[in-house]
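Me: I've got a fold open and want to go through its packing. Can you take me through it?

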Amino acid sequence: MTLKKGKPSVKLRGFARLPHAFSYSIAGLKSGWKEPAFAFEVMLATLLLPAAFFIGQGWLEVVMLVATVVLVLITELLNTALEAAIDRISEDHHELSKIAKDMASAAVLLALLLCAGVWLAAVVARAIAWW
């Protein structure tokens, strides 16, 4: 049994918890949408994901192109979540908070670089195949 706003509630298990988990996930996406970087990356993904089916020369390339775009979105959400948790603890400057935020930001940068590299390689391969 867990407490929710002072009231005991029964913890859901199995398939019964899926609708609740899904609603929390949608709430997380809505919260992420309020973050400008995530909103920009989602808008970019709406262009890149359909393009993956035209640029990829096989199902494996399409999967890699899609996966790298989704990885950027995942890392951005995790970065935002970490920043929110740290800010919840304290708005005061602390060196460990800075390190954690910088590392989360670096993870986003690495995901973006991976995405750009995979997409560049796929576009170059497609261009060479055309010529």
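Me: Start with the core. Which residues of the largest nonpolar core touch the most other members?
Reply: I55, L65, V69, C115 and W119 do, out of 13 residues in that core. A nonpolar core here is a set of buried Ala, Val, Leu, Ile, Met, Phe, Trp, Tyr and Cys residues joined through side-chain atoms within 4.5 Å. Buried means under 20% relative accessible area, exposed over 50%, partly exposed in between (1.4 Å probe, protein chains only).

Me: Which elements give two or more residues to this core?
Reply: Helix 2, helix 3 and helix 4. The largest share, 5 residues, comes from helix 4. Helices (H or I, at least four residues) and strands (E, at least two) are DSSP runs, numbered from the N terminus.

Me: What kind of model is this, and how are residues numbered?
Reply: It is a predicted model, with residues numbered from 1 along each chain as its sequence is written; local features need pLDDT of at least 70, and side-chain atom pairs count only at pLDDT 80 or more. Totals for chains, interfaces and linings use all residues, and side-chain values use heavy atoms, with hydrogens and water left out.

Me: Back to I55. What is it in contact with, leaving aside neighbours within four places in sequence?
Reply: E61, L65, W119, A122, V123 and R126. Contact means heavy atoms within 4.5 Å.

Me: And L65, buried or exposed?
Reply: Buried, because its relative accessibility is 0%. L65 sits in helix 3. Leaving aside neighbours within four places in sequence, L65 is in contact with A52, I55, G56, V118, W119 and A122.

Me: What about V69?
Reply: Also a helix 3 residue. V69 counts as buried because its relative accessibility is 4%. Not counting residues up to four places away in sequence, V69 touches A45, L48, L49, C115 and W119. The C-alpha atoms of V69 and A51 are separated by 11 Å.

Me: T68 is polar. Why does it count as buried?
Reply: Because its relative accessibility is 4%. T68 is in helix 3.

Me: Which backbone oxygen does the T68 side chain reach?
Reply: That of L65, at 2.9 Å. A polar contact is a pair of N or O atoms within 3.5 Å; within protein, one must be able to donate a hydrogen and the other to accept it, and residues adjacent in sequence count only if both atoms are side-chain atoms.

Me: What else does T68 touch, residues up to four places away in sequence not counted?
Reply: L114, C115, V118 and W119.

Me: And V72?
Reply: V72 lies in helix 3. V72 is buried, with a relative accessible area of 4%. Not counting residues up to four places away in sequence, V72 touches E41, A111, L112 and C115.

Me: On to helix 2. Where does it bend?
Reply: At A45, by about 30°. The bend at a residue is the angle between axes fitted to the seven residues ending there and the seven starting there.

Me: Zoom out. What is the order of elements?
Reply: β-β-α-α-α-α from the N terminus on. The radius of gyration is 19 Å, well over the 14 Å that the globule rule gives for 131 residues, so the protein is more spread out than a compact globule. That radius is taken over C-alpha atoms; the rule is 2.2 Å times the number of residues to the power 0.38.

Me: What does the C-alpha trace span along its principal axes?
Reply: About 70 × 45 × 20 Å. Of the 131 residues, 20% count as buried.
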